[in-house]
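Subject: Structure handover

Hi,

Here is the structure I promised to pass on.

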Amino acid sequence: MLARRRAWLPALTHALAALLGITTCSASAASDLNYVELDEARAGIRAFQGRDQKLQDIGWALARGNAAYCDRIIPSVGLQLQDIQSYGEPTIARAALGVESDFAVQTAARGSPAAKSGAFTRNREIVSISGFDPNTLALDPGKRWERVTRVHDRITEMFATQDTLTFTFADGSSETLAPVPICETDFVLINTKNKRLATGGFGQVAIGSAVEAFTYDEPVFAGMVAHEFAHSLFRHTRWLRLNKRKQRNKRATEREADRMMPWLMANAGYDPQAGVVFVETWLKRYSYGIFRDRAYDAWDERAENISAEIAIVRDFVEREGKADWATHFQRGIDPFMGMSPQDILAENSAADAAKATFAALEERMRAREVRIAVDESALSPDAFAAGERASSSGALAMSSHGARAKVSARLCEMVYITALWRTTSPLHPALARACWLSSQRLSLPTRTRPSGSSS
């Protein structure tokens, strides 16, 4: 994916020592290729890129498969670049990879437009992107990682105004790609020895390169990624910051991410049951029994909660052909708690923009196989009131971090009225919370468990 916050890129210091375990005699020796085993360097880079590829493949399946329900959407071609200058020893990295330019392909996520083209092979040099040469960007020696971030940002911005982008390679050939809509989340591989690093928040899922789960079968590993993806989608980090990281609050977000896991996996094409297998392997191993962190339920309790949710997911998939969590998922926390009225309005506007952008991109995909344009008018924040208040049910759809539940129009309109006309009113949080609670009550009939499942 076009990841945009890339400070995590593999910064190899002292002749790739951080990544490869290679030691050198001195700084000058590190720059002398005679002191480095390039085969060892290649092997280290290949191993890192292999794990990154696995993460990006899973991330793409999740972000693409759930794009219809996310409240933050971006156009993407599933391409991730690398900047040779971001390595601790660019000279050694360049020699190990056999490249001359700075920018090259890092990964092309499986099933993405970049991967389907067959042109974006690993480490293939890129010299131009629709007339823009990323290799000419100025480099800040103190922030070597920053340049690739700027390039990914630039590509995303270009897709917002252009139907397609043409990537030119060092050999003079080129490939033109059109984007598809995905959930706005970066899937990040962090170079670290921490065997338990897995986190999600602020639009990002970060997994440590030493995490044991990389050795699991892909669907099982996808359970871990989906759990962290749920944290990111629901903005749990922000919610905890607003409402304090109390043990009960942390446990509530973990329970919600566990229950969301099978919904995300089902839409990505994975068997949700693999999520239970993940819990029974990874979480059981690192649970530590009675000494576990009490912000988490015991591994067997978590497995039971996920299994119960799987029954709900399968029932909806059987009846509707999809796992529409934006409509049917029962939130476990009050997503509006601690938010200002302005933030609530911004959430709803962003969610409506995402829905419109997704529809626009999908329509262009159906109309033209190659050229897919982003309809800028779909990004208008004014579509929320006009679109939803015209619904035949007379209800207003409110977004709670991606979830849209039908609620009382009159009650929710009160939130809007007070937010717009009495911005200092102390009733805003209470009204927002009442609106959310009302949505939960009114939507319960559509969220009942299938017959035969546990309550």
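Before the rest, how it was made. This is a predicted model, where local features need pLDDT of at least 70 and side-chain atom pairs count only at pLDDT 80 or more, while totals for chains, interfaces and linings use all residues. Residues are numbered from 1 along each chain as its sequence is written, and side-chain values use heavy atoms, with hydrogens and water left out.

The overall picture

The protein has 16 helices and twelve strands; these are DSSP runs (H or I of at least four residues for helices, E of at least two for strands), numbered from the N terminus. Of the 455 residues, 54% are buried. Contact here means heavy atoms within 4.5 Å. Take the contacts between residues at least 6 apart in sequence: 69% of them join residues at least 24 apart.

The disulfide

How many disulfides does a search of the whole structure find? The search comes back with one, where a disulfide is a pair of cysteine sulfur atoms within 2.5 Å. The partners are Cys70 and Cys183, with their sulfur atoms 2.0 Å apart. The pair ties together distant parts of the chain, 113 residues apart: Cys70 is in the loop between α3 (38–65) and β1 (73–76), and Cys183 is in strand β7 (residues 180–183). The link is right-handed, with 75 degrees about the S-S bond. Both Cys70 and Cys183 are buried, in case you were thinking about where they sit.

Two helix pairs involve α9. For both, axes are lines fitted to C-alpha atoms, for helices over the stretch in contact, and angles run from 0 to 180 degrees between N-to-C directions. As for the names, under 35 degrees is roughly parallel, over 145 roughly antiparallel, 65 to 115 roughly perpendicular, and the rest oblique.

Start with helix α8 (residues 236–243): the axes of α8 and α9 come within 10 Å and cross at roughly 160 degrees. That is why α8 counts as roughly antiparallel to α9. From α8, His236, Trp239, Leu240 and Asn243 meet Asn249, Lys250, Thr253, Glu256 and Ala257 in α9. Sorted by class, that contact has three nonpolar, four polar and two charged residues. (Ala, Val, Leu, Ile, Met, Phe, Trp, Tyr, Cys and Pro count as nonpolar, Asp, Glu, Lys and Arg as charged, and the others, Gly among them, as polar.)

Next comes helix α11 (residues 299–320), which packs with α9 (residues 247–268) at an angle of about 40 degrees, their axes 9 Å apart. The two helices are therefore oblique to each other. On the α9 side the contact includes Met261, Pro262 and Trp263, and on the α11 side it includes Ile306, Ile310 and Phe316. In total, the contact of α9 with α11 has nine nonpolar, one polar and five charged residues.

A few single residues

Val279 is found in helix α10 (residues 273–285), and is buried at a relative accessible area of 0%. Leaving aside neighbours within four places in sequence, Val279 is in contact with Lys284, Trp299, Arg302, Ala303 and Ile306.

What about the backbone? Most residues other than glycine have a negative phi. Asn123 has a positive phi of about 70 degrees although it is not a glycine. Asn123 is in the loop between α5 (113–117) and β4 (126–129), and counts as buried at 17% relative accessibility. Ser130 also has a positive phi, of about 50 degrees, and is not a glycine either. Ser130 is in the loop between β4 and α6 (146–159), and is partly exposed at 31%.

Cheers

Note on methods. Buried means under 20% relative accessible area, exposed over 50%, partly exposed in between (1.4 Å probe, protein chains only).
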